[in-house]
Amino acid sequence: MGAASGRRATGRGWCLLHLQLLPVVLLVGGAFFDYSTAPHVSGEAFYTAAPMAAAALLSLRATVLAGIGACATDVALLAHFGLLTDSGGQSELAAVVTVSALAVVVNRLMHYSNLRLESARRIAVAVQRAVLPQLPSSMGPVRIAVRYRPAVKDAQIGGDLYSAQDTPYGVRCLVGDVRGKGMDAVQAVDVAMGVFREAADEEPTLVSITARLERALLRERSRRTGPERTEGFVTGILVEIPHRGDELRLVNRGHPAPLLLHAGQVRSAEPSEPALPLGLAELSADQDRSDTVPFPPGATLLLYTDGLTEARNRAGDFYDPAAGLTGRDFPGPDELLDALLAEVSRHAGGRITDDLALLAVTRDGGR
């Protein structure tokens, strides 16, 4: 895995280095073309392309030097052919000077645009991290690990969420995904997280927690107008792991089914009945059912958002976590998530196009 990543990084570095040489190649190629052809055949296209290429690829200083180099080369070749005082030669030189000056302006505009986008990306990630909690490594009878990888495409904040807390009823977890992007999604995440933290300690069942989440999201949607009113629903899965016993309980509201890993085997914990996402209860009655599944010592429950299963390789194939994890053992949840992130990144060639949240819970006693 490390060797493959190193080769990809080396390949990217090689391509970047050679692209940075493009302005020089254009100038040298243009001069050779201009010198070796008839006087009426001009290398103007090469001379104007060189500073524009530098504007897109290099620094301000390099762009200025490329522009000076283009003008100097054009002057030298025009003088060589005795066309420097000719009206056609002067028109060509004026075009090269104009494009060189324009390249400097373009370079500055791209620089400031990149600065604004990078600032927006940092703010987006900071907001997301402020909303999502830092989880302890263990709670009650389980060890917990979480990973969150934002795509932050065009500085859009995603709506993946996760939480876990130890309660009088056991360790309770929530993983979900809000429909939509941007601050509306973050607002829905904030609502869901706040309700879950309070309800997890107070409500006796997962079904009652789900009902409170449903009411809160409906209230949030009712405050919106326009197209945003139809957004804000959440696919989510709630988990309850009692302090004693070898079972856990699940409520799945339209979310990808979690995976149960034990002794090298991987099993999908599909819900007994399909249900609509949270926030859409008015479309169907009797939504919530709690399923009980075995969770023996040493077993690990993997919860994830669809950024995992929607990661594609160059051939367009989706990543299959069950296939990737079958037959493998991990010392704990941290090792599992690290291996899983490396695997999906390798599958997608490093191109993660959607936010990805992973939460793994391992019941102690299996080591």
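Helices (H or I, at least four residues) and strands (E, at least two) are DSSP runs, numbered from the N terminus. With 2 residues between them, β3 and β4 form a hairpin. The bridge partner of S163 in β4 is L174.

β4 is also joined to strand β5 (residues 234-241) by 8 bridges, and these two run antiparallel. D177 stands opposite T235 in β5. Strand β4 (residues 170-178) is largely enclosed by the rest of the structure, because 9 of its 9 residues are buried. Buried means under 20% relative accessible area, exposed over 50%, and partly exposed in between (1.4 Å probe, protein chains only).

## Aromatic pair

The structure holds 1 aromatic pair. F33 and F46 form this pair, which is tilted, with 5.7 Å centre to centre and 40° between the planes. F33 lies in helix α2 (residues 22-36) and F46 in helix α3 (residues 44-57), 13 residues apart. Rings of Phe, Tyr and Trp (its six-membered ring) pair if their centres lie within 6.5 Å; planes under 30 degrees apart count as stacked, over 60 as edge-to-face and the rest as tilted.

F33 is partly exposed at a relative accessible area of 31%, and F46 counts as partly exposed at 30%.

## Largest pocket

The largest pocket holds about 250 Å³ of space. Of its 21 lining residues, L261, G298, T300, D329 and F330 are the closest to its centre. β7 (259-262), β8 (265-268), α10 (333-347) and β11 (356-363) are the elements that give two or more residues to the lining. By class, the lining has 8 nonpolar, 8 polar and 5 charged residues.

A pocket is an open set of points on a 1 Å grid over the protein atoms alone, where a 1.4 Å probe fits, with protein on both sides within 12 Å along at least five of seven lines; lining residues have an atom within 4 Å of a point.

## Chain overall

The protein chain has 10 helices and 11 strands. Of its 367 residues, 45% count as buried. Among contacts (heavy atoms within 4.5 Å) with a separation of 6 or more, 72% are between residues 24 or more positions apart.

## Basis

Residues are numbered from 1 along each chain as its sequence is written, and side-chain values use heavy atoms, with hydrogens and water left out. In this predicted model local features need pLDDT of at least 70 and side-chain atom pairs count only at pLDDT 80 or more, whereas totals for chains, interfaces and linings use all residues.

How values were computed:
Pairing = 2+ DSSP bridges. Points joined across faces, edges and corners; volume = space filled by probe spheres on them. Nonpolar A, V, L, I, M, F, W, Y, C, P; charged D, E, K, R; others polar.
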